[in-house]
Amino acid sequence: MTGRFAPSPSGRMHLGNIYTALAAWLCAKQSGGDFFLRIEDLDPMRCPRSFADLILSDLEWLGITWDNPEVPYQSDRTEIYEQYYQKLYKEGLLYPCFCSRAQLHVADAPHASDGRVVYTGTCRRLTAEEIREKEKRRSPATRCILPDREICFTDGHFGLQVFNLARDWGDIIIRRSDGVFAYQLAVTIDDGLMGVSQVVRGSDLLSSAAPQIYLFQTFGFQPPEYFHLPLLITQEGARLAKRDKAADLGFLRQQLAGPEPLIGYLAWILGQINKPEPMTAAELLPLFDDKKIPGHDIVIPGDYWEKLL
């Protein structure tokens, strides 16, 4: 089993990132497999290397180690993504899209249950002349055609999943209008080339497995197994975010003498121990059982960190 953690360095890691990293590390290591780290900084303007350096430092502080000697940065892999982009282009699966964000969110546009807009294929029907005229006014993004096909897979935590690519996703963005390659393309290529065989991540990305499996198959890669975790949410029901000070690892490292109370708290909310008690990641490893992870989102009280002191 080869697992991975692939954070985006758009800010300091927060409790949700740490929770995901720990669970992914535990799943990979308990199976005797490798655990790889990758930095997903597709947009260098939003993801400076200084934040990436903090991620490496924070993981080392937490005792979460990785096995790849060189950590790949997506911003360094543009030429690789271009090769696979050209493969899709040669197969006739790409077309330019001029739709603005506002146009995509008009009232009559279909939406997925998670609020994601399902693209109706408006620009797929443009003529060559219409494309030339629109290119005079704005640069297009590039979409990949997804067929009317069901993707079925068994998630390691949430069981059987069935998605219809056309109905549940529509054609997906592969390259942004500014030329930056999109997440769906890059993550698939990176996982395929790195030999990742298990992806552990939050359940907010559960439906993303469908277009990614399609791209894995299109590129000739073996899709990984998926294990989606329940989300960490506030008492108001919102997802934890980097703007939540008490969830920020920089804040937590200032409060804590070491990572043990935090690892013990995460072990508890992951259902591995009966009450929070300090421990290292290495001490948690022999206790880990993924079947004990809760099947529902986990509420994190605003004052949770005070109990770690």
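This is a predicted model: local features need pLDDT of at least 70, side-chain atom pairs count only at pLDDT 80 or more; totals for chains, interfaces and linings use all residues.
Biologist: Let's start with H228. Where does H228 sit, and why is it called buried?

Modeller: H228 is in strand β9.

Biologist: What does H228 touch, if you skip residues up to four places away in sequence?

Modeller: D155, H157, F158, R201, G202, S203, L205, L206 and A209.

Biologist: What makes the pairing of the H228 and D155 side chains a polar contact?

Modeller: The distance is 2.6 Å, and the cut-off for such N or O pairs is 3.5 Å. The side chains of H228 and R201 are joined by a polar contact too, at 3.0 Å.

Biologist: R201 again! What is the bridge partner of R201 in β9?

Modeller: H228. Strands β8 and β9 run in the parallel sense and share five bridges. Pairing takes at least two bridges, so β8 and β9 count as paired.

Biologist: On to the cores. How many residues does the largest nonpolar core have, and which have the most contacts inside it?

Modeller: It has 55 residues, and those with the most contacts inside it are L15, L22, L59, L262, I300 and Y304. Elements that each supply at least two of its residues include α1, β2, α2 and α10. The largest share comes from α1, with eleven residues.

Biologist: Which residues is L15 in contact with, leaving aside neighbours within four places in sequence?

Modeller: L232, L240, A247, L262, L266, I300 and Y304. There is also a second, separate core of 35 residues, and F219 is in it, along with L42, I174 and L185.

Biologist: How far apart are F35 and V162, in sequence and in space?

Modeller: They are 127 residues apart in sequence and 28 Å apart in space, C-alpha to C-alpha.

Biologist: Now charges. How many salt bridges does the structure hold?

Modeller: There are 19.

Biologist: What makes D41 and R49 a salt bridge?

Modeller: Their closest N and O atoms are 3.7 Å apart, and the cut-off is 4 Å. D41 has 2% relative accessibility, so it counts as buried. R49 comes out at 38%, which lies between 20% and 50%, so R49 is partly exposed.

Biologist: What about D171 and R124: how do you know that this pair links distant parts of the chain?

Modeller: D171 is in the loop between α6 and β7, R124 is in the loop between α4 and α5, and the two are 47 residues apart. The N to O distance in their salt bridge is 3.0 Å.

Biologist: Is D171 buried or exposed?

Modeller: Buried, because its relative accessibility is 4%. R124, at 42%, is partly exposed.

Biologist: And why is the D204 and R239 pair said to tie parts of the chain together?

Modeller: D204 lies in the loop between β8 and α8, and R239 lies in the loop between β10 and α9, so their pairing ties together parts that are 35 residues apart in sequence. Their side chains meet in a salt bridge at 3.1 Å, N to O. D204 has a relative accessible area of 30%, so it goes down as partly exposed.

Biologist: Last one. What joins R4, R38, E40, R77, D190 and D191 into one network?

Modeller: Salt bridges that share partners.

Definitions and conventions: Residues are numbered from 1 along each chain as its sequence is written. Side-chain values use heavy atoms; hydrogens and water are left out. A nonpolar core is a set of buried Ala, Val, Leu, Ile, Met, Phe, Trp, Tyr and Cys residues joined through side-chain atoms within 4.5 Å. Buried means under 20% relative accessible area, exposed over 50%, partly exposed in between (1.4 Å probe, protein chains only). Helices (H or I, at least four residues) and strands (E, at least two) are DSSP runs, numbered from the N terminus. Contact means heavy atoms within 4.5 Å. A polar contact is a pair of N or O atoms within 3.5 Å; within protein, one must be able to donate a hydrogen and the other to accept it, and residues adjacent in sequence count only if both atoms are side-chain atoms.
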